[in-house]
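Please examine the sequence and the model before reading each worked solution.

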Amino acid sequence: MISVITLFKAFCFIFGLLIGSFLNVVILRMPLGKSIVTPRSACSKCGYQLKWYDNIPIISYLLLKGKCRSCDESFSIRYPLIELVTGLIALNLFPDVINIQTMTLFSFQFSVACILLVHLMIDIDHHLLLDKINLFFLAIVTAYLVLFENSLNWVFGGLIGFLGPYLITYAFYKFRGVVGLGGGDIKLFGILGLILGPMGILSNIFMSCLLGSVVGLGLIVGNKMGKDTPFAFGPYIIVVAAIQIYFPELFSRINFLSF
């Protein structure tokens with residue numbers, strides 16, 4: 001007999017798929033300044049408005065073989081992948097014991113994961129960490145910490161996360177006349193500092209800079225990128241933060257800074 005928890009997890013996975021479908025809309029439209037509510041999703045080539053049965057997460061993509069029903073324009077495989085990833089995130093975060101505390105933590109962790117995923121994809125596509133998303137992120141994190149965190153350690157983490165990169169970027173600009181970090185990166189560091197605390201955000205800054213430098217150098221050496229090519233740094237911040245938040249034991253093994 002199927003347990004109640006198993007049923008809840010199955011529904012949670014479906015819920016995650018639906019949220020992933022919405023995240024696709026946010027990722028596609030928000031950087032372009034378009035509404036994420038209206039109009040309905042449509043084919044970018046022929047303008048055919050997708051019906052509800054064309055928007056069933058993953059299933060519709062498979063049934064349509066990844067093509068528009070009207071003109072056979074191919075849809076990106078990224079859409080069902082983001083839906084699947086979001087569903088798996090929801091499934092893995094859902095608690096084995098259901099009560100107010102565990103469901104509150106699940107809601108917070110799942111919201112953070114969705115925001116990081118949106119930030120990641122938009123920064124890869126447009127080299128932007130949008131202020132609207134950062135403000136939404138800040139509101140969720142601050143509300144959760146004010147309600148459920150007794151220590152003020154998170155305040156110091158936020159200050160270090162914001163002021164440290166900001167001052168370094170400001171000094172770099174004054175001496176070199178070049179902007180090192182974008183404003184979105186600095187704000188994201190500040191918000192992550194609230195979650196990770198002082199030592200955690202220092203680790204993130206160090207490890208994300210190291211990861212970005214290694215990847216960037218590899219791309220330059222391999223002639224995949226020029227030295228002056230714009231470089232999205234947000235993905236490295238986000239990848240490191242995701243490991244810190246959701247896989248702390250793994251991060252403790254790879255972290256060069258033992259705080």
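**Exercise 1: The largest pocket**

The largest pocket holds about 660 Å³ of space, a volume being the space filled by probe spheres set on grid points joined across faces, edges and corners. The model is predicted: local features need pLDDT of at least 70, side-chain atom pairs count only at pLDDT 80 or more, and totals for chains, interfaces and linings use all residues. Residues are numbered from 1 along each chain as its sequence is written, and side-chain values use heavy atoms, without hydrogens and water.

Task: Determine which residues lie nearest the centre of the largest pocket, and which helix gives the most to its lining.

Solution. 
1. A pocket is an open set of points on a 1 Å grid over the protein atoms alone, where a 1.4 Å probe fits, with protein on both sides within 12 Å along at least five of seven lines; lining residues have an atom within 4 Å of a point.
2. Of the 30 lining residues, Leu28, Ser41, Ala42, Leu50 and Tyr79 lie nearest the centre.
3. Helix α1 gives the most to this lining, with five residues; helices are DSSP runs (H or I, at least four residues) numbered from the N terminus.

**Exercise 2: Leu217**

Task: State where Leu217 is found and whether Leu217 is buried or exposed.

Solution. 
1. Leu217 is found in helix α7, residues 183-221.
2. Its relative accessible area is 54%; because exposed means over 50% (1.4 Å probe, protein chains only), Leu217 is exposed.
3. Leu217 and Lys227, 10 residues apart in sequence, are 8.8 Å apart in space, C-alpha to C-alpha.

Conventions: Helices (H or I, at least four residues) and strands (E, at least two) are DSSP runs, numbered from the N terminus. Buried means under 20% relative accessible area, exposed over 50%, partly exposed in between (1.4 Å probe, protein chains only).
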